[in-house]
Amino acid sequence: MTPSAGARALWAARTLLSSGPHALGRTLRYLDATEGGAPAGAWTLEFVGVRPDLTGRGAGRTLLDHVLTTTPGAVHLTTADPANVPLYRHFDFTTLGETPLGPLTVTSMARVPS
């Protein structure tokens, strides 16, 4: 779900203090360019990470399966790594759009339960 204005302001302040104005500006441009296509009321999956020594052993699939079975409603995500798209499609995500952002192409995807 979309965070409240207060939660977003707090996040922006923390990001500014810890990473600086350049990183905050870049992140805000990324969010502005990619979040517009999210289905109304959808949860946003911000990040899924796997330790390098567990890559290719099913850890990412296990994490994603857990998130999707415990999250009610639609889920929205973005990825700048084209290698992630087939994994998300395996979990019934559909591509909503692709946004060129500097040297990256960001793919916006959603999964709406039937």
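The largest pocket in this predicted model is lined by 29 residues. Those that lie nearest its centre are F47, V48, T79, N84 and Y88. The space in the pocket comes to about 650 Å³. Sorted by class, the lining residues are 13 nonpolar, eleven polar and five charged.

Let me now step back to the chain as a whole. The chain holds four helices and four strands, and along the sequence they follow the pattern α-α-β-α-β-α-β-β. Taken along the principal axes, the C-alpha atoms fill a box of roughly 35 × 35 × 25 Å. The chain has 114 residues, and 23% of them are buried. Its accessible surface is about 7600 Å², with 59% of that area belonging to carbon and sulfur atoms. As for contacts, among those with a separation of 6 or more, 57% are made by residues 24 or more positions apart.

I turn next to the sheet. In general, the strands of a sheet pair through backbone hydrogen bonds, in either a parallel or an antiparallel manner. In this model, four strands form an open sheet with mixed pairing, and their order is β1-β2-β4-β3. Strand β1, residues 43–44, and strand β3 stand at the edges with a single partner strand each, so one side of each has no neighbour in the sheet.

Which strands does β4 pair with? One of its partners is β2: five bridges join β2 to β4, residues 104–111, and the two run antiparallel. Within this pairing, the bridge partner of T78 is S108, and V75 stands opposite R111. The other pairing to describe is with β3, residues 94–101, which is antiparallel to β4 over seven bridges. Here T94 has A110 as its bridge partner, while P100 has T105. Strands β3 and β4 form a hairpin with two residues between the strands, and in this hairpin G102 takes a positive phi near 65°.

Is T107 buried or exposed? The relative accessible area of T107 is 6%. Buried means under 20%, and T107 therefore counts as buried. Which residues does T107 touch, leaving aside those up to four places away in sequence? They are L77, T78, T79, V85, T95, G97 and E98. Of these contacts, T79 brings us back to the pocket, as T79 is one of the residues that lie nearest the pocket centre.

Terms used
Residues are numbered from 1 along each chain as its sequence is written. This is a predicted model: local features need pLDDT of at least 70, side-chain atom pairs count only at pLDDT 80 or more; totals for chains, interfaces and linings use all residues. Side-chain values use heavy atoms; hydrogens and water are left out. On a 1 Å grid over the protein atoms alone, a cavity is a set of points where a 1.4 Å probe fits but cannot get out, and a pocket is an open set with protein on both sides within 12 Å along at least five of seven lines; lining residues have an atom within 4 Å of a point. Grid points are joined across faces, edges and corners, and a volume is the space filled by probe spheres set on the points. Ala, Val, Leu, Ile, Met, Phe, Trp, Tyr, Cys and Pro count as nonpolar, Asp, Glu, Lys and Arg as charged, and the others, Gly among them, as polar. Two strands pair if DSSP finds at least two bridges between them. Buried means under 20% relative accessible area, exposed over 50%, partly exposed in between (1.4 Å probe, protein chains only). Contact means heavy atoms within 4.5 Å. Accessible areas come from the Shrake-Rupley method with a 1.4 Å probe; for residues, only the protein chains shown count as cover.
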